[in-house]
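Subject: Handover of a structure and notes on its features

Dear colleague,

Please find the structure below, handed over for your use. I would be grateful if you would read the notes after it with the structure open.

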Amino acid sequence: MLSVAIFLPLLAGILILLVRREKFSKMLSLLTSGVVLLLVLSLFLGFDWSKAGFQYETKYTWIPTLGISYHVGVDGMAISLLLMTAIMFFASFIWSWKVEDRPNLYHALFLMLETACLGVFSALDFFLFYIFWEGMLIPMYFIIGLWGHERKVYAANKFFVYTFFGSLFLLLGIASLIAYAYINTGQISFDYAFHKNFSYPLWLQLLAFLLFGIGFAVKIPMWPVHTWLPDAHVEAPTAGSVILAAVLLKMGTYGFVRYSLPLFPEASKYYIPLIFILSLVAIVYAAMMAIAQTHIKRLIAYSSISHMGIVTLGTFASDINALNGAIYMMIAHGLSSATLFMSAGFIYDRIHSYHMDDLGGLARYLPKLAVVFMISGLAGIGFPGLAGFVAEFLVFLGTFKNFPLWAFIAGTGMILSAAYFLYMYKKVMFEEETISEYRLEKWKYLKDLELHHFVPFVLILACAFLLGIYPLPFVKIVEQTSRYILGG
Amino acid sequence: MNWNAILPELFLSVGTLVVFFLELFLSRKHYKLLIFVAGLVPLLSILSLFLVQTPTQAFFGVLYTDTSSLIAKGLIYLITGLSLFASYDYFLKKSSEYGELAYLMLLASLGLSLLVSSANLALLFLSLELASITMYILIGTFKREYLSKEASYKYLVIGSVGTAMLAFGSAFYYGAVGSLTLRQYAQDNTLFLLGMFLILSALALKVSSVPFHFWTPDAYEGAPTPITAYISTAPKVALYFLLTKMAMLFSQIGGWMLLVILLSVLSMFYAGFIAYSQRSVKRLLAYSSVAHAGYFLLGIVVWDKLLNSAMLFYLSVYAFAVLGSFVILAVLEKRENFTHHFMDYKGLGRHDTLLAIFLSLFLFAMIGIPPMALFIGKLGMFAGLIKLGFLPLALLFLLASIISAGYYLKVIVYMFMEGSQRKWQKAEVSVGEAFVILVCAVFVLSLGLFPNALYDLILKGL
C-alpha cells in the first residue's frame, strides 16, 4: 500500500503528459493526491506506535550485483512526514485550481515531485533514497524556472546548483560507507538495516558525518549555505513555495534524524558544538534578517531558516524530549509555513506585489485573509494552542536539560520571531495611512478568499490546531522514532 | 590459424566490401537504401560476436580477444549502426549525399574493433591509424564548407603528432622489452618509462584529454553533426577499453598513476571552466567530452575491479547519452540558418517540445542525475576511489561535476525559460533519427533503473 501511494502520483503525471487536457489534468491530480492522502491516512491510523522498528516494510531484490534492493518502510517520524506531505500536495492542487499557464506540465511536474517526496521519507535503501532525493530536483527546478517571477532563471539555477552540490557530497558519503563495508565484509550492500548494524570506526564516522551533513545542511538549509532559499522562495510560484517550505526543507532534517544520528552516533556527539553554533547562528541571524526584510516572501523564507535552526538544535541535543520536539517541529513548521506562503501568494494574486511598501490596510478589504494570516503567523511563532508551541516547548525543555546556555540563546530567537511576524502583519494588514488614495479606491473591489483558497487554509490550519490542542497521540508516534534512535 | 577470433572483423570487412561495391553501382537516388544497408552491417556483426569463444587469439598472439573486448566491440558496432541510421536524412537535406560516408564509417569501426583486441603495439598502431585516417576524411565530408575542411585539417595535423608519439613510444618499448607484445614488465627502466609515457600521451590525445585536446572543439564543431556523434562516441569506447587493459598491465610502474591523475585533473577542470565561455552548444558538448575524458581517466589510475567496472559502465552509457544529444543537434541543424548558437536554442521547449525534452534528458544524464544510468557510474567510481584510498581524487571529481552542472543547465535554460525571437520551421525528424534518439533514451533510462545486464557483463569481462 505504501508503494502504491508512492508511485501513484508518478503514473498520474505520465498520464497527464500523454493526455494533455487541462480539465483532465486538474481533476486527475486532485483525485490522485486525494487518494494518496487517504492511503497515507489509513497507514497513519493503522500505525502501531508501541512497536519498535519499521512498519509496512516491502523489500524486493533490485540490482543483486550491487546489493541494491527496493526497500521501503516507515517509522513514527516517516509516517507523520508522509501524512504532512500528502496533505500539502492535496492542498497545493486545490490551490492551483485556476492555474492558466501550461497547466498540464505544471500538474505533471507537481505529481512527479510528490512521488519523489513520498519516496524520500519511506526509502530504506541508500540507492533508492538517493534516487528519490535527486528526483525532486528536476521537477522543482522547472517549477521555479517556468512559473516563477522576474528573476526565476537565476533562482532556479541557484537552487539547482546549491542542491546538486549538497547531493554530490551526500553521494560521496554513501559511497564511502559502501566502500568501507565492502573492504571489511567483501559485500556490497546499500541496505539501511545492514549499515545501521555495522559499527564504523570513529575516523570514518567523522568523515561520513561531514559528507552526509553537507548534503543535508544545504537542503535544510543551515547557515551558511542558506542563501539559495530566500531567492528560490521569492521567485517560486505559490504552490512551489508551499511544497518547498513544507516538504523539501524537511528532507534535510529528516536525513539527520534517519541517517546521521543512528549511523554515526559518536560523530554526532563529537560535532555537537559545531551543529549548535550553526543552529544558533541560523536561529538568531535569520530572525534578524527577517526583521530587516520588506519583501514578505523573503521574510517568511528567513523565518523558515530560523525555525529549521530549532529543529537541528533539538535533533542533536541528545535528549528524547528535544528529539521529539525536533520531529514535531518539522510537522508544525510545515503546516505554518505553508499557510504563510499561501497568504503571501494570495496577496500577490490580488495586489501584484510582495513589497510591504505597496501594502497596508488590507485587513479592511480582505478580512478573511486577515484572519487566516494571523492564525498562520501565530502558529509559526509558537503561540500556545497551535502546533508550533508544543514543538518549541519540547525542544527547549530537552535542550535546557543538557545545554542550558545554548537553549537560553536560542530562546531569544523566539522573541525575534514574534517581532518580525507582528511587524509584517502590521505593515501588511493595518497602516493604511501610507497607501495612496487611488490604490485604496481600487482595493474596494478586491475579492476575498475564494473556495479554492479557503479549503487548503482550513485543512492545514485545522491540523495545526489539532496538533496544538491535543498533541499526545502525535508525540507518541514521533517518540517511536526517538526511542529507536536514542535507545530508551 | 584460429579464424574464430577474427570472426566479427571478417564479417565487418565483408560487409564493408559489399557496401563499397553497392556504392559504386547504386545511383544517388538510392542513397537512403545504401546507408540503411551499411547501418545493418555492424548490427548483424553483433550477432557474430556470440559465436566467438573467449578468450581466444589469432596471428600468433598479436590479436587477443577476451570478454571485455567483445563487449567493447558490441558497443562500437551498435553505435556505428545507430549513427548510420541517424545520418542519411541529414546528408540528404544538406544535399551532399556522398556514398563514401557509408563504408568509411564501417572502416573506422573495423579499425576500432581491431584496436580493442590488439595485444601487440604494431597492430595497435595500424588499427588506430585505420580508424584515425578514416575519421579525418569523415570530418571533412562537407568539402565545400570551410569549417569542415579546417576541422579535418586540424585533426589531421594534431592527430599525426599523436601517431608519431605512438610510433616513437613503440620503438622505445621495443628497445626496452625486446618485443612489441603488450605484457607486464616489472623492471624500472628509463627507456621503458619513456616509451610508456609517449604511448600514454598518444592515447590521451586520441581521447582528447588536456593538454592534448586542442583538436577536439574544432573537429567536433566543424564535422557534420552525425559524424560528430560518431567520433565522440565509438573511438572513446574503444580507447577506454584499451586503456583499461593497459592499466591492468602497466599501472604498477612508477609514474603511471601520477601521469594519469595529472591528465585527468587538468581535463576535468580546464574543460569545466572553458565550457562556460562557449556560445555554441556543439562546442560546449565538445568541452563536456573533454571533461568526461578526465572523469574516465580517473577510472584507470590503478587497476581495480570495482573502479574499472564502474568506469566502463559509466563510459558505455555515456556514449549513448552523447550519441543521442548529437543526433538531436543534427536534427535541429537540418533547418535553414541554424548555427548551434545559444540564441538559436531559445524557446525550443515551446515549439519542438519533444526534442527539447529528450535533449534535456541527455543533458541531465550527463550532469549525473538519477535515475539516468550515468549516475550509477559516478556512484561506482566514487565508491571505487574511496575504497582505494583516493578520497582527494573523489573530492576533485565531485567538484568538477558540480562545475559541469552549470553549463549543461545553461542549455536547458535557453531551451525552456527563454522565448524565441526568430520564427523557426518545425524540425523534421526522420524515421532513422527518431529511432536512434528513442533507443538512446531507453538505454540511458533503463540501464539506470536496471543496470544489471550490462554491469554483470562488464564485471565478467574484467
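The notes below set out conventions, then chain A, then selected places in chain B.

This is a predicted model, in which local features need pLDDT of at least 70 and side-chain atom pairs count only at pLDDT 80 or more, while totals for chains, interfaces and linings use all residues. Residues are numbered from 1 along each chain as its sequence is written, chains are lettered from A and ligands numbered from 1 in the order in which they are written, and side-chain values use heavy atoms, with hydrogens and water left out.

Chain A as a whole

Chain A contains 22 helices and two strands; helices (H or I, at least four residues) and strands (E, at least two) are DSSP runs, numbered from the N terminus. The C-alpha trace of chain A spans about 75 × 60 × 40 Å along its principal axes.

Of the 488 residues in chain A, 67% count as buried; buried means under 20% relative accessible area, exposed over 50%, and partly exposed in between (1.4 Å probe, protein chains only). Helix α6 of chain A, residues 137-147, is mostly covered, with eleven of its eleven residues buried. Among them are Pro139(A), Tyr141(A), Gly145(A) and Trp147(A).

Of the contacts in chain A with a separation of 6 or more, 81% are between residues 24 or more positions apart; contact means heavy atoms within 4.5 Å.

Strands β1 (residues 55-63) and β2 (residues 68-74) of chain A run antiparallel and are joined by six bridges. Two strands pair if DSSP finds at least two bridges between them. Gln55(A) is placed opposite Val74(A) of β2(A). Four residues lie between the strands of this hairpin, and Gly67(A) has a positive phi near 65° there.

Elsewhere in chain A, the peptide bond from Ile220(A) to Pro221(A) is cis, with omega near -15°. Pro221(A) belongs to the loop between α9 (202-219) and α10 (228-235) of chain A.

Selected places in chain B

Most residues other than glycine have a negative phi, and most peptide bonds are trans. Phe60(B) is not a glycine, yet has a positive phi of about 55°. Phe60(B) is in the loop between β1 (56-58) and β2 (63-65) of chain B, and counts as exposed because its relative accessibility is 88%.

Ser208(B) also has a positive phi, near 55°, and lies in the loop between α8 (190-206) and α9 (215-222) of chain B. Ser208(B) counts as buried because its relative accessibility is 0%.

Phe212(B) is likewise found in the loop between α8 and α9 of chain B. Leaving aside residues up to four places away in sequence, Phe212(B) touches Met165(B), Ser201(B), Ala204(B), Leu205(B) and Leu263(B). Phe212(B) and Ile158(B) are 54 residues apart in sequence, and their C-alpha atoms are 8.5 Å apart in space.

Chain B also has a cis peptide bond from Pro370(B) to Pro371(B), with omega near 5°. Pro371(B) is in the loop between α17 (353-367) and α18 (374-387) of chain B.

With kind regards
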